[in-house]
Amino acid sequence: MKKAKVFVMCLIVFSIPLVMKIQVLRGAEKEYKFTVEEFLKAKADFDDPRPVLKDMSFKKMMPPEVYGKLIYDVEEMKKLWAECIGFKSPDEVGKIAPEIKPGKYSYMDKGKYPGLKELMIPAHYEMFNPGKSPHAGNFPEIEVVPTRQYYWSTPIAKATKENMGRTKLDSEGYINNDTYVAGYPFPRPSGGFKGQQIMYNWEKRYFSGENFYMVQRLLGFTKGLGVDFDGGIYWLQIRLHGRAMFEPYGWYDKRAQDQKEATGVAVAYFAPRDSFGNAFNIVYYLDRDRFDNWLLYINSLRRVRKMTATDCQDAVGGQDVIYEDRDGFSQKLSPKRYPYKFEVIAEREYLVPAPTWDGSLYMTSPSKGLELRNIQFERRPVYVVQLTQQDPNYVYSKRIIYFDKETFNLLYIENYDQKKRLYRNLLMIPCFNPEMGLLLFFDYIMRDFLDLHSGRGRGYTLPAPWVTRDHIDMSGIVKMGK
Amino acid sequence: MKKRKLLMFVLMAGLIIALTVSSAFAEEFSVLGRPLKIFGFATQEAAFGLENKYDSENGLHSALMNLFVEGEYQITKDLKFYGSGMLTVDWAYQLNANRDSWNDRLFPKSRDNLNVDDKYWQLLKEARLTWSPGDFMFRAGKQIVSWGELLAFRIMDQINPLDQRRGFSDIEFETTIIPIWLLRADYNPKIKLSWLQDLGFEFVYNPNADFIPNQDLKSGNADGGIWAPNVPISGAHLATTYADIRTPERWKEGNEFGLRVKANMLGAMTTLNFFYGRDNSPVALFAPPYMSPVPPNIFASDGKVLLHPFQEGKYPLLKFVGATIAKEITPLSAVSFLGGVAPVVYLEALYAFDSTFAFSNPLSGGVIQRFGKSDDFRTGMELAWKFKIPALNPRAYFSFTGEFFYRRIMNYPSFEEISGLKTNNYQTFLSVSTSYFHNKLNPSLTWIHDINSNSDYYIPKLVYDLDYHWHFTLGAQFFNGTKKGQLFQMFDDKNEIFFKVAYKWG
């Protein structure tokens, strides 16, 4: 009886700070988010052409006061961004194979329109076929749409314009992060280090915004086009430096400034069963010689475990990417650790998959060949950057990356093994929100040409100023974990 | 009582079957507008003993089935419920029912203990409510609280008991750690210091709502089944122990308190730990008549006498302080030909005060015993590393986990002995694994070596993951030792090969 009283006393003692805390929480920003089930209801994994970005529009998903702060005058954004980069993409294209006009094309038209081969990235031209083994993601039909001007939101463009020319590279072409403030650091890449400048534009990307919440489905496919991996994650991210969209601007806080923190993420797996309840956080540092801080909550151990961020060359479970393939390419550029030779091997227009504006892009089911449908193609000005690995011990000997010249977004990447064989590639198809001036994560196809496997990541990303450090720290992953 | 057990068994099986055949069995669906995630797995293993001795069964000696279901329901933004249940059945008792060697060696008598896990705390694994307002997290219910850093040797991880009735290397984590009724409160203050990334305080309270101790290996085939240790006694076998172990009275005794401070600072993860509670394993002394045959089974099938130990004991206090640290060794990441991965070193150390042991007089053959006290120091180090061996695997790394464990009995008696322990005790653990064919084929080798007894335990294993549903494992367990009656030597008749198929939902 006495012990039972002690037990009750403990409960009361526990409650005191809670009551105090609740008072504080009343003022906290509202967390708006959605579950994977809601996402799948709006758009199933296969055979679902519904325009999810209309049905689940950002306007519907976000509180009006938040959405209102994120939209800007479209014409102003277009003008400002064109001033930053010095051109508008519609003016840059139309010179190669001009006979390819907007309209619908089938893979059977390849003979009729030989210009398609010249205009498309070779791998995409191969994918322009009916779905078939051994890889998912072919497209038998495409719709060529007129080239549109893409742009980043007003605050990103303003930061880019204001800081143009400030970011410096060292004598070897590596960024001096002390000179970077915000925005895209090299809006007009040029000179001997043009390749590095393009890569740093990607490193400092505003892809998906600054603070965001994302639900992502991850599917893996065998060479027989059967599903062998079915998983997914909730992803929360904060940009900790070079902030332009959400307050606080510049550095997120003093710690971010002192520690030179680039980005913080927290990820929780909701499937498959073995991964359910795993959660991790990573703080990425700007210092290229400093390893990122990675904590993993392991579901089966019910324990947070420190991991090494240098374990980045093994394939991520069930997928066709390594950790350094996040967003296509996320490797730290370093003159010491797996350094590259940088070359811009082409700068020309290509007919490439266009960002989806309405989310009607979809994949057919395995029985129908895992084809991408409702896929639009657009002539885009493109940089092709070749990174040749100088250390023969790295998993890849060479990476060839196709960047959109107007947005600096990664379109497509090919990774070659040390025997110079094409090992993996990744095709990124983001979505574009014209009112916000944001490209956000939407869909990607990844392929492994040695193990004959492929995968797809698809998701829905919401800009989320409510994501704070509390979500991405150690306690955050304990709460997210099993 | 039997009806109640049967009812629980039927309910559990029914729940699992209903959930698994339901078309709505997705990884996440909505209940009352809130997300409910449900997962599960079913495993069936068949293990074949390789020895034909009195304490083993040559041929099928274990056919463990696990049906596991877990679910998480997000009640509000800050409130969620997690529950899991499992049904474990060893079909070897049914499949071997007509086998003479099985029956002659008295294995069927261990059926009550090992055939079906039908106690409520075995069927209900976890049932806990988590409330996480702001910087706090409160968790109440049947749960696991895991402390420490090492994966193989449990040093700081003393809160939850273990189920090791079926050997050392069980099939799934969920089958070895026993969740118990606990209250946990975490406080993670917002830190403004740049060198300190995270700071957390964790308080754990065990009101002893139900005392669930370690489920250790049992002596004698009639109680321990195929895992009964082969203790060398001239002309006899060690049979079932008759033990009178005093357990702490629910609520009134055996309350436990734990406090842990966690900090992620200067690139290292550190913890300080304090615990006051009960040891999960009993300390027992021989009691009259000490060792004796008990009718009706006086003799074993090989003609030797079956000697039953008689014991009295208790679950003594366990009080310790400890610390852990985990940090990357960054210079090794510069060795690019090995893959450029920085190993992570995990260290933990525990100092227990006034721990209770059974001190035995060696002149009595270990029969005359008394409770003795000594401080107890335990420490261990783990090195987790991944490296490349392109000749063996050009596409994936090899994962290496090596551990060293040291335990010192600080006040070891000068004349008496403590069974199974010396002043200084050492063990090592090594595990190496890799993967082929897009992570589908995963070979691994695990080796535990006890330095004091010079005995070894090996687990070679090959896992084939067909997809996210189906997983197949072919493996073996081998024991050997040079000193009779010491640790792994006592299991060298238990060598086995096993095959397991697992189907996972969600």
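Analyst: Helices here are DSSP runs of H or I with at least four residues, and strands are DSSP runs of E with at least two, numbered from the N terminus. By that count, chain B has six helices and 25 strands. This is a predicted model: local features need pLDDT of at least 70, side-chain atom pairs count only at pLDDT 80 or more, and totals for chains, interfaces and linings use all residues. Residues are numbered from 1 along each chain as written, while chains are lettered from A and ligands numbered from 1 in written order.

User: How do you know which residues of chain B touch chain A?

Analyst: A contact means that two C-beta atoms, placed from the backbone, lie within 7 Å. On that basis, 59 residues of chain B are in contact with 61 of chain A. Among the elements giving two or more residues to the chain B side are β2 (34-49), β9 (196-206) and β25 (496-505) of chain B. That side has 27 nonpolar, 19 polar and 13 charged residues.

User: Why is strand β15 of chain A called mostly covered?

Analyst: Buried means 20 or more other C-beta atoms within 10 Å of a residue's own; 12 or fewer is exposed, and in between is partly exposed. In β15 (residues 398-404) of chain A, six of the seven residues pass as buried.

User: What makes β14 and β15 of chain A a pair?

Analyst: Pairing takes at least two DSSP bridges. Strand β14 (residues 376-389) of chain A and β15(A) have seven, in the antiparallel sense, with A:Ile400 as the bridge partner of A:Gln386. Six bridges also join β15(A) to the antiparallel β16 (residues 410-416) of chain A, where A:Tyr412 partners A:Tyr402.

User: Where is the largest nonpolar core best connected?

Analyst: At A:Tyr402, A:Phe403 and A:Ile477, which have the most contacts inside this core of 194 residues. A core is a set of buried Ala, Val, Leu, Ile, Met, Phe, Trp, Tyr and Cys residues joined through C-beta atoms within 7 Å. Leaving out residues up to four places away in sequence, A:Phe403 touches, among others, A:Ile198, A:Trp202 and A:Leu410. A second, separate core of 13 residues includes B:Trp102 and B:Ile226.

Key. Nonpolar A, V, L, I, M, F, W, Y, C, P; charged D, E, K, R; others polar.
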